[in-house]
Amino acid sequence: MDLQDRLEDVRNHMRKAAVEAGRRPEAVSLVAVSKTFDAEAIRPAIALGQRVFGENRVQEAQGKWPGLREETAGLELHLIGPLQSNKAAEAVALFDVIETVDREKIARALAAEMSRQGRSLRLYVQVNTGLEPQKAGIAPDDTVAFVTLCREELGLVIEGLMCIPPADENPGPHFALLAKLAARCGLDKLSMGMSGDYEVAIGFGATSVRVGSAIFGTR
Ligand SMILES: *Cc1c(COP(=O)(O)O)cnc(C)c1O
């Protein structure tokens, strides 16, 4: 399969999973994860109409996206990897959506930078649903309080929640937990599901899935 077939295949599976879950296919968007792939590998996906992309490193994204944005208007770039506060200025300048807000320090740095640059990015709070020590994200039990702090103390608009379930577990319960926490926060956007489990995630209410290798190939 070439890129066109893989991209169509993912879009078809997304549509099917949405219909099977009794949801509207338009309610689920595809974030094409292009990390490790260079501009030349990404360009054909843009030519095929894909507009939303995810990157996990600020510096890597800076090397390819300013040029790609000059070629095509209307691209939307999501940061899906951990953010250090010393990179907040660069991240705010480059990305449209940051999906990995997970601690007060970074939330404060983003609030300050958005105000300084006059930009308002869409933000997701990352939840460590499996409480994995090596993984970023706020603990499930702390999520409601953290979202409240972001909104009320820092004036941030939080759009939704994001999670990456443990690689060796059934992801369903993690997706269900994220959906439950989002409802408690009054949020209706859920970023969950990757190449191996995006159809399951759509069944649990994902409003965006982050798919890399199923589109661009193995890294
Ligand atoms: C790499 C990555 C993805 C995509 O993973 P695939 O298995 O290649 O689809 C999704 N989300 C995050 C946070 C990632 O780092």
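**Figure 1. Glu-113 in helix 5 of the predicted model.** At 13% relative accessibility, Glu-113 counts as buried. This residue belongs to helix 5, which covers residues 104–117. The structure shown here and in the other views is a predicted model. The view also takes in Ala-93, which is 20 residues from Glu-113 in sequence. Between the C-alpha atoms of Glu-113 and Ala-93 the separation in space is 8.8 Å.

**Figure 2. Strand 4 and its pairing with strand 3.** Strand 3, residues 76–79, pairs with strand 4 in the parallel sense. The pairing of strands 3 and 4 runs over 2 bridges. In this pairing, Val-97 of strand 4 has His-78 opposite.

**Figure 3. Strands 1 and 8.** Strand 1 (residues 29–33) and strand 8 run parallel and are joined by 4 bridges. Ser-29 has Ser-208 of strand 8 as its bridge partner. Strand 8 covers residues 208–211. In a regular strand, side chains alternate between the two faces of the sheet. In strand 8, Ser-208 and Arg-210 point one way, while Val-209 and Val-211 point the other way. These four residues, the arginine included, are all buried.

**Figure 4. The largest pocket.** The largest pocket holds about 510 Å³ of space. It is lined by 27 residues, and those closest to its centre are Lys-35, Asn-56, Ile-80, Gly-81 and Pro-82. By class, the lining of the largest pocket divides into 10 nonpolar, 10 polar and 7 charged residues. Helix 3 (58–71) supplies at least two residues of this lining, and so does strand 8.

**Figure 5. The second largest pocket.** About 190 Å³ of space lies in the second largest pocket. Helix 1 (3–20) and strand 1 each contribute at least two residues to its lining. The most comes from helix 1, with 4 residues. Among the lining residues are Arg-11, Met-14, Arg-15 and Ala-18. Val-28, Ser-29 and Leu-30 also line the second largest pocket, and Ser-29 is the residue whose bridge partner in strand 8 is Ser-208. Others in the lining include Gly-49, Gln-50, Arg-51 and Val-52. The lining of this pocket has 6 nonpolar, 3 polar and 3 charged residues.

Figure 6. A disulfide is a covalent bond between the sulfur atoms of two cysteines. The structure holds 0 disulfides. Cys-163 is in no disulfide, and the nearest cysteine sulfur to its own, that of Cys-185, is 13 Å away. Cys-163 is buried, with a relative accessible area of 0%. For Cys-185, the closest cysteine sulfur is in Cys-150, at 9.9 Å, which is too far for a bond. The cut-off for a disulfide is a pair of cysteine sulfur atoms within 2.5 Å. Cys-185 is also buried, at a relative accessible area of 8%.

**Figure 7. Two loop residues with positive phi.** Most residues other than glycine have a negative phi. Thr-36 is not a glycine, yet has a positive phi of about 75°. Thr-36 is found in the loop between strand 1 and helix 2 (39–47). With a relative accessible area of 52%, Thr-36 is exposed. Leu-131, likewise not a glycine, has a positive phi of about 45°. The loop that holds Leu-131 lies between strand 5 (122–127) and helix 6 (143–152). Leu-131 is exposed, with a relative accessible area of 57%.

Figure 8. UniProt, in an unreviewed entry, places the feature "domain: Alanine racemase N-terminal" at residues 15–218. Over residues 15–218 the chain is 41% helix and 18% strand, and the end C-alpha atoms are 23 Å apart. Arg-219 is found in the segment after helix 9 (213–216). This arginine is exposed, with a relative accessible area of 53%. Arg-219 and Ser-34 are 185 residues apart in sequence, but their C-alpha atoms are 9.7 Å apart in space. Ala-176 has its place in helix 7 (residues 172–185) and counts as partly exposed at 32% relative accessibility.

How values were computed:
Residues are numbered from 1 along each chain as its sequence is written. This is a predicted model: local features need pLDDT of at least 70, side-chain atom pairs count only at pLDDT 80 or more; totals for chains, interfaces and linings use all residues. Side-chain values use heavy atoms; hydrogens and water are left out. Buried means under 20% relative accessible area, exposed over 50%, partly exposed in between (1.4 Å probe, protein chains only). Two strands pair if DSSP finds at least two bridges between them. On a 1 Å grid over the protein atoms alone, a cavity is a set of points where a 1.4 Å probe fits but cannot get out, and a pocket is an open set with protein on both sides within 12 Å along at least five of seven lines; lining residues have an atom within 4 Å of a point. Grid points are joined across faces, edges and corners, and a volume is the space filled by probe spheres set on the points. Ala, Val, Leu, Ile, Met, Phe, Trp, Tyr, Cys and Pro count as nonpolar, Asp, Glu, Lys and Arg as charged, and the others, Gly among them, as polar. UniProt positions are given in the numbering used here, feature names are shortened, and annotations may be inferred rather than shown by experiment.
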